Amino acid sequence: ALHVGIFAFATGQVGAESAPLLGFWILGCAVALLMLAMVDLRRGEVLFGTIGMVFGGLLGLGGALSFIKSIWMPGIFPMDGWWFLSAGVILFLLLPAISKISWILFGGIAEIGITLTILGLGMMGVFGPPEAPLRIAGWLALFFAIFCWYEATAQLVNTVRSEEHTSELQS
């Protein structure tokens, strides 16, 4: 859901004055993602736990604070661009491990890595004025949100069907 907010903000669907609200929205998502990551890690699911920690801790908390700071410091800062660029690089570093699990998930993580890279470079002014790269990153964030809805639904259905199949075998 947080990527829909980034889409709305980056494409100008909502005004710059909504940045702190988006920050608090992302913060709420970050807390949930961190809790899910801890559950995954406790269950021994290192890759999904790590992905959850990256999205909840790095992207969630860092992104939230980046937007919340606009209460005191409005505007786009190159330092935020460096942070988003670094987050994109970290996602690229996860790709070899993800490729062993799912090519669909690989595509989604690669896409959001590209999105964050464009966002970061745009905020740093690498492409000139930030409006065009922000708009592109915003649309890519919406695409990733749709991917996340699909992926979450697929995992939920897969889990329920697996449990149904296991209970049928035990009967």
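Analyst: One term will be needed for the linings: Ala, Val, Leu, Ile, Met, Phe, Trp, Tyr, Cys and Pro count as nonpolar, Asp, Glu, Lys and Arg as charged, and the others, with Gly among them, as polar. Please also keep in mind that this is a predicted model.

User: What classes of residue line the largest cavity, then?

Analyst: The lining of the largest cavity has 12 nonpolar residues and four polar ones, with no charged residues.

User: What about the nonpolar core, which residues have the most contacts inside the largest one?

Analyst: Those are F55, L91 and L116, in a core of 34 residues. Two or more of the core residues come from each of helix 1 (2–10), helix 2 (19–42), helix 3 (46–68), helix 4 (78–99), helix 5 (103–123) and helix 6 (131–170).

User: Which residues does L91 touch?

Analyst: Leaving aside residues up to four places away in sequence, L91 touches V54, F55, L59, I109, I112, G113 and L116.

User: Where is A87, and is that residue buried or exposed?

Analyst: A87 is found in helix 4, and it counts as buried because its relative accessible area is 0%, where buried means under 20%. With residues up to four places away in sequence again left out, A87 touches L58, L59 and L116.

User: How far apart are A87 and W139?

Analyst: In sequence A87 and W139 are separated by 52 residues, and in space they are 18 Å apart, taken from C-alpha to C-alpha.

User: And T117, buried or exposed?

Analyst: T117, which lies in helix 5, has a relative accessible area of 16%, and it is therefore buried under the 20% cut-off. Its contacts, not counting residues up to four places away in sequence, are with L85, G88 and F92.

User: Switching to pockets, what is the volume of the largest one, and which residues lie nearest its centre?

Analyst: The largest pocket has a volume of about 1000 Å³, and of the 27 residues in its lining, L33, L36, F48, A152 and Q155 lie nearest the centre. Helix 6 gives the most to that lining, with nine residues, while helix 1, helix 2, helix 3, helix 5 and helix 6 each supply at least two. By class the lining of the largest pocket holds 19 nonpolar, four polar and four charged residues.

User: How much space lies in the second largest pocket?

Analyst: About 530 Å³ lies in the second largest pocket, which is lined by 26 residues, with F9, A16, F67, I76 and L134 the closest to its centre. Its lining divides into 15 nonpolar, six polar and five charged residues.

Terms used. Residues numbered from 1 in each chain as written. Predicted model: local features only at pLDDT ≥ 70, side-chain atom pairs only at ≥ 80, totals over all residues. Heavy atoms only, no water. Core = buried A, V, L, I, M, F, W, Y, C linked by side-chain atoms within 4.5 Å. Buried < 20%, exposed > 50% of the residue type's maximum accessible area, 1.4 Å probe, protein only. Helix = DSSP H or I, 4+ residues; strand = E, 2+ residues; numbered from the N terminus. Contact = heavy atoms within 4.5 Å. 1 Å grid on protein atoms, 1.4 Å probe; cavity = no way out; pocket = protein on both sides within 12 Å on 5 of 7 lines; lining within 4 Å. Points joined across faces, edges and corners; volume = space filled by probe spheres on them.
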